[in-house]
Amino acid sequence: MTSTNCPFCSLPPTRILGSNAHALWIRDGFPISPGHSLIIPKRHVGSFFDITDTERSALLKLLDEAQKAAMQEFQPDGFNIGINDGQAAGQTVPHLHIHLIPRFAGDRTDPRGGVRWIIPEKADYWTQK
């Protein structure tokens, strides 16, 4: 995928909730919870490990802004923050984006392990087997 057909490189301005010189944030088009947001570099780059220090700082600044907005609007009890970096990690859009996923008490019976559940058979390390 090139920047000319990348969904994040051609976002309509109405989707953008915040931005700075190097990054922007939007609400996820397929949210898994209220307030699920994506923080995206403006430059078309696939991996977190290929961004500049300036871009990294810009992304993290917007992550803070998105978190504050989610707190104000939805009052979540916690957050998952994640990056799928590479096809083997589940990245489906090859333009770096950080997921900010608000979590709510009771949204899962047992939320322990959080992001560890991407490989379910290895997630639960606290139960004796």
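How many residues line the largest pocket, and which of them lie nearest its centre?

A: The model is predicted, so local features need pLDDT of at least 70 and side-chain atom pairs count only at pLDDT 80 or more, while totals for chains, interfaces and linings use all residues. Residues are numbered from 1 along each chain as its sequence is written, and side-chain values use heavy atoms, with hydrogens and water left out.

The lining of the largest pocket is made of 21 residues, and those nearest the centre are Ile32, Asn80, Ile101, Val115 and Ile118. Two or more lining residues come from each of β4 and β5, with β5 giving the largest share, four residues. Here a pocket is an open set of points on a 1 Å grid over the protein atoms alone, where a 1.4 Å probe fits and protein lies on both sides within 12 Å along at least five of seven lines, and a lining residue has an atom within 4 Å of a point. Strands are DSSP runs of E with at least two residues and helices are runs of H or I with at least four, numbered from the N terminus.

The space in this largest pocket comes to about 600 Å³, a volume being what is filled by probe spheres set on the grid points, which are joined across faces, edges and corners. By class, its lining holds 10 nonpolar, seven polar and four charged residues; Ala, Val, Leu, Ile, Met, Phe, Trp, Tyr, Cys and Pro count as nonpolar, Asp, Glu, Lys and Arg as charged, and the others, Gly among them, as polar.

The second largest pocket has a volume of about 200 Å³, and its lining includes Pro7, Phe8, Arg15, Asp28, His97 and His99. Six nonpolar, four polar and two charged residues make up that lining.

The strands β4 (78–82) and β5 (98–103) are also among the elements that cover the buried residues of helix α1, together with β1 (16–19), β2 (23–27) and β3 (37–41), where contact means heavy atoms within 4.5 Å. Those buried residues, under 20% relative accessible area with a 1.4 Å probe and protein chains only, are Glu55, Ala58, Leu59, Leu62, Leu63, Ala66 and Ala70. They cover an arc of only 145 degrees around the axis, and therefore sit on the same side of α1, the arc being that of the directions from the helix axis to the C-beta atoms.

Definitions and conventions. Buried < 20%, exposed > 50% of the residue type's maximum accessible area, 1.4 Å probe, protein only.
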